[in-house]
Structure formats: C-alpha cells, structure tokens
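Please view the sequence and the model together while reading.

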Amino acid sequence: MNYALLLKQLEQILSSETYLISRMANTSAFIYENMPDLNWVGFYIVKDGVLKVGPFQGKVACSDISFGNGVCGYTWKMGKTTVVDDVHQFEGHIACDSASQSEVVVPIFKNGEMIAELDVDSPCLARFSAQDVEFLEKCASLI
C-alpha cells in the first residue's frame, strides 16, 4: 500500500476544511475506503467527561465510553496509541460489533490535552502492521 500517496490525498481533501466534525467525517470515510479488511473506522470525542461517538463508517457504535473502559478508554487513560491484535484477549474490551477481532486506537491532542481518538477495527486477527499504525497516526494528526 502506498501510504505516502494516500496521506497526500487526505491532506488535499482536508486542506480547505476547518470544521472539526467535517474533517473527522471525511477522514473516517477515506480510511474506510482505502484500507482493506476493516469493519469500523471512526472518532470518539471527549465531551462531558466521557468519550462520545463522533463521525464514523461501519455498524452502529457504542455512544459513550468511560475513562479507562475498553480499548478506547484505556487509550484515553494511557495517552498513547493502543494496538490490540486480539480484542477478545483485552480485559474489559467493549464489543460494539462482535465481528471485530483487532483494533487500533490513536489519541488526538490539542494544546497537550486529549480531545478525541481515531478508532479502527478489523474482523481479522492481528490486522495492523507497524506501517498501518504509522499511517493511522499520521491521519489522526491531520485532524
């Protein structure tokens, strides 16, 4: 996969958009269209002390996730990207879609505070390579 080219395309798509939700919506659609073997791509936004579901592609998602709960809550607590090769082995995993087997969650910071997360799920075990994770982190940094 040519992640450098995809990143340039995403940068171009987002270049004139300043509204956060629109940037998230197009980013989730772009990743969902361009990375194979995914069943959910979206954002969770920190609001009122929980992670609230934001723009996404895929099946209906959990609306609220508490600090420390599931992979998203764990990422919020730890403040760094979390890669889970087998979500069924992750204690406290929240199964919004039982088809999900692996997951990557990337925190998004503004002025040193986490404001959102990019959450990407796959129906394949150990789906995400180091290159995939680096690409997703770069996509999240564009938000």
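The buried residues of helix α4 pack against α1 (3-14), α2 (20-34), β4 (82-84), β5 (102-110) and β6 (113-122). Buried here means under 20% relative accessible area, exposed means over 50%, and partly exposed lies in between, with a 1.4 Å probe and protein chains only. Packing rests on contact, which means heavy atoms within 4.5 Å. Helices (H or I, at least four residues) and strands (E, at least two) are DSSP runs, numbered from the N terminus.

The model is predicted: local features need pLDDT of at least 70, side-chain atom pairs count only at pLDDT 80 or more, and totals for chains, interfaces and linings use all residues. Residues are numbered from 1 along each chain as its sequence is written, and side-chain values use heavy atoms, with hydrogens and water left out.

**Helix α4**

- Helix α4 covers residues 130-141, and its 12 residues should span 16 Å at 1.5 Å a residue; the end C-alpha atoms are 17 Å apart, which agrees. The expected span is 1.5 Å times one less than the number of residues in the helix.
- The buried residues of α4 are D132, V133, F135, L136, C139 and A140. They lie on the same side of α4, because they cover an arc of only 160° around the axis. That arc is taken from the directions between the helix axis and the C-beta atoms.
- An α-helix has 3.6 residues a turn, so residues three or four places apart point the same way.
- A130, Q131 and S141 are exposed on the other side of α4.

**Nonpolar cores**

- A nonpolar core is a set of buried Ala, Val, Leu, Ile, Met, Phe, Trp, Tyr and Cys residues joined through side-chain atoms within 4.5 Å.
- The largest such core has 27 residues, of which I31, L118, F135 and L136 touch the most other members. Two or more residues of this core come from each of α1, α2, β1 (40-47), β5, β6 and α4.
- A second, separate core holds 14 residues, including L51, V71, C72 and V87.
- L136 contacts I31, M35, V104, V106, L118, V120 and F128, leaving aside its neighbours within four places in sequence.

**Helix α3 and the cysteines**

- In helix α3 (residues 70-78), the buried residues are G70, V71, C72, G73, T75 and W76. They pack against β1, β2 (50-58), β3 (64-65), β4, β5 and β6.
- G79 follows α3 and has a positive phi, near 75°.
- C72 counts as buried because its relative accessibility is 3%. C124 is partly exposed, with a relative accessible area of 28%.
- A disulfide is a pair of cysteine sulfur atoms within 2.5 Å. By this rule the count is zero disulfides.

**Overall fold**

- The protein chain has four helices and six strands. From the N terminus on, the elements run α-α-β-β-β-α-β-β-β-α.
- For 143 residues, a compact globule would have a radius of gyration near 15 Å; the protein chain has 14 Å, which agrees. The radius is taken over C-alpha atoms, and the globule rule is 2.2 Å times the number of residues to the power 0.38.
- Along the principal axes, the C-alpha atoms of the protein chain fill a box of roughly 40 × 35 × 25 Å.
- Of the 143 residues, 46% count as buried.
- Among contacts in the protein chain with a separation of 6 or more, 48% come from residues 24 or more positions apart.

**Loop residues with positive phi**

- D37 is in the loop between α2 and β1. Its phi is near 60°, a positive value in a residue other than glycine. D37 is partly exposed, at 46% relative accessible area.
- N111 is in the loop between β5 and β6. Its phi is near 55°, again positive in a residue other than glycine. N111 counts as exposed, at 78% relative accessibility.

- E103 is in strand β5 and is buried, with a relative accessible area of 4%. E103 and T82 are 21 residues apart in sequence and 8.0 Å apart in space, C-alpha to C-alpha.
- E113 lies in strand β6 and counts as exposed, at 53% relative accessibility. The C-alpha atoms of E113 and D85 are separated by 27 Å, and the two residues are 28 residues apart along the chain.
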